[in-house]
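Please walk through this protein model step by step.

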Amino acid sequence: MTQWLPALAALLPALLFLLAFLPTTTDEQLGRYRNLGKAFYENPTTQKEAVEELRKALDLVPTSARERLNYGLALLRAGRTEEGIAEISKVQSQDPALPHTWFNLGIAYKKAGDAEKALAQLEGFVRLVPNEPISHYNLGALFKLTGKPDRALSEFQRASELDPSLAAAHFQLYNAYRTGGKPDEARKQLQIFQALKKQQEGAAIPEDVEWNAWAELLDQMQDTPEAPAPAPLTFEAKRQGGASEGAVAIDLLGDGRPKLVIWSADGIHVESGNRVAGITGIRGVAPADINNDGLTDLCVLTNDGPILLMNTVGKFTKSSTTLPAGDFNQAVWLCSSCFLLKLIVLTGMISNGNFSMAG
């Protein structure tokens, strides 16, 4: 054995070089933590879980501005304000051109009652994103709070111009004109405000003047130097036998890279070359992340009825869940809440009313 050690030592640098370009389980884990973190982040009852999943993502790539930003945002939403501010401030030092840090720190300082710091952050955001109405509205509120009514009025006007449907901006303009001795302008703004509030009655999502697109998790970011241009795409024609053919692209491994699932009457084939054994007479496939683990599962309609296939990092196994028995030819997943999916299996067109639902 010992006579091979020098040769192995000489090969080690080359092996490490090759391994750097091979897919690793780290990518799969990172994709899963990101997906779970985002799902938990978007549900107001699971903020603690969002923090934990996004912390795991950051632990995998601790130098990533994206992962640290998302972890900081989760901390803020979970009410851990000081920790969230600290993490997002680190991101701002790492990448001052990232607008998300300026907006979220501005709102965090505003909520904490630190108007000067909030102003500095929101002014920084506006320099990067000049035409975003919510940031101008909040600048107006802060200028009003710090005794600068003229600047406040200017910001409220800008917010209403950028988003005429922003009711809060029109209400602030009404107050500014009323106290400034301009009753006609005040009356006009009040009428606009009242009309907008009437339109918003019963809205599924109420107006939120402390949220915009930059308050959400960052999904895409260039953390490393841009890769060389990819080689030209090549295509290969293949035919899958059977009368009921179909295909769907799914996130098989939870890494954001779609894989093709092809089915026909005689079986299901995954792009990687794997075949889901033991299932025939297939009529259709409906993909969905049934158990919220960041991996896409499948409802498969067969001649014997629907079944569920659960995805375990690319391997499908049949679920013991009992689905409605019947001669179905279509399946549709509906989201009944942020985390609960309902399955509808159809015997015909929806307008015919022939369907069954499984919780």
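This is a predicted model: local features need pLDDT of at least 70, side-chain atom pairs count only at pLDDT 80 or more; totals for chains, interfaces and linings use all residues.

Start with the helices. Two packed helices are described by the angle between their axes and the distance between the axes. Take helix H4, residues 65–77, and helix H5, residues 81–94. Their axes are 7 Å apart, and the angle is about 155 degrees. Angles over 145 degrees count as roughly antiparallel, so H4 is roughly antiparallel to H5. H4 passes H5 in a left-handed crossing. Which residues make the contact? From H4 they include Ala65, Arg68, Leu69 and Tyr71. From H5 they include Thr81, Glu83, Gly84 and Ile85. Leu73 and Leu76 of H4 also take part, as do Ile88 and Val91 of H5.

H4 has another partner, H6. Here the angle is about 20 degrees, and the axes are 12 Å apart. Angles under 35 degrees count as roughly parallel, so H4 and H6 are roughly parallel to each other. The crossing of H4 and H6 is left-handed. On the H4 side, Leu69, Leu73 and Leu76 make the contact. They meet His100, Thr101, Asn104 and Ala108 in H6. Leu69, Leu73 and Leu76 are also among the H4 residues that touch H5.

Now turn to the rings. A pair of aromatic rings is described by the distance of the centres and the angle of the planes. How many aromatic pairs does the structure hold? There are 5. One of them joins Phe103 and Phe125. Their centres are 5.4 Å apart, with 55 degrees between the planes, and the pair is tilted. Phe103 lies in helix H6, residues 99–112, and Phe125 lies in helix H7, residues 115–128. The pair therefore ties together parts that are 22 residues apart in sequence.

Tyr137 and Phe156 form another tilted pair. The distance is 5.5 Å centre to centre, and the planes are 50 degrees apart. This pair links distant parts of the chain. Tyr137 sits in helix H8, residues 133–145, and Phe156 in helix H9, residues 149–162. Tyr137 has a relative accessible area of 8%, so Tyr137 is buried. Phe156 counts as buried at 2%.

Rings can also group. Ring pairs link Phe103, Phe125 and Trp214 into a cluster. A ring can meet a charge as well. Arg77 lies over the face of Tyr41, at 3.8 Å from the ring centre.

Finally, look at two single residues. Ile262 is in strand E2, residues 259–264. At 28% relative accessibility, Ile262 counts as partly exposed. Glu245 is 17 residues away from Ile262 along the chain, yet their C-alpha atoms are separated by 7.5 Å.

Thr296 belongs to a loop. That loop runs between strand E5 (282–288) and strand E6 (297–302). Why does Thr296 count as buried? Buried means under 20% relative accessible area, and Thr296 has 14%. What does Thr296 touch, leaving aside residues up to four places away in sequence? The list is Ile250, Asp251, Pro287, Ala288, Asp289, Asn311 and Phe316.

Definitions and conventions. Residues are numbered from 1 along each chain as its sequence is written. Side-chain values use heavy atoms; hydrogens and water are left out. Helices (H or I, at least four residues) and strands (E, at least two) are DSSP runs, numbered from the N terminus. Buried means under 20% relative accessible area, exposed over 50%, partly exposed in between (1.4 Å probe, protein chains only). Rings of Phe, Tyr and Trp (its six-membered ring) pair if their centres lie within 6.5 Å; planes under 30 degrees apart count as stacked, over 60 as edge-to-face and the rest as tilted. A charge sits over a ring if NZ of Lys or CZ of Arg is within 6 Å of the ring centre and within 35 degrees of the ring normal. Axes are lines fitted to C-alpha atoms, for helices over the stretch in contact, and angles run from 0 to 180 degrees between N-to-C directions. Angles under 35 degrees count as roughly parallel, over 145 as roughly antiparallel, 65 to 115 as roughly perpendicular and the rest as oblique. A crossing is left-handed if the near helix is turned anticlockwise from the far one by less than a right angle, and right-handed if clockwise. Contact means heavy atoms within 4.5 Å.
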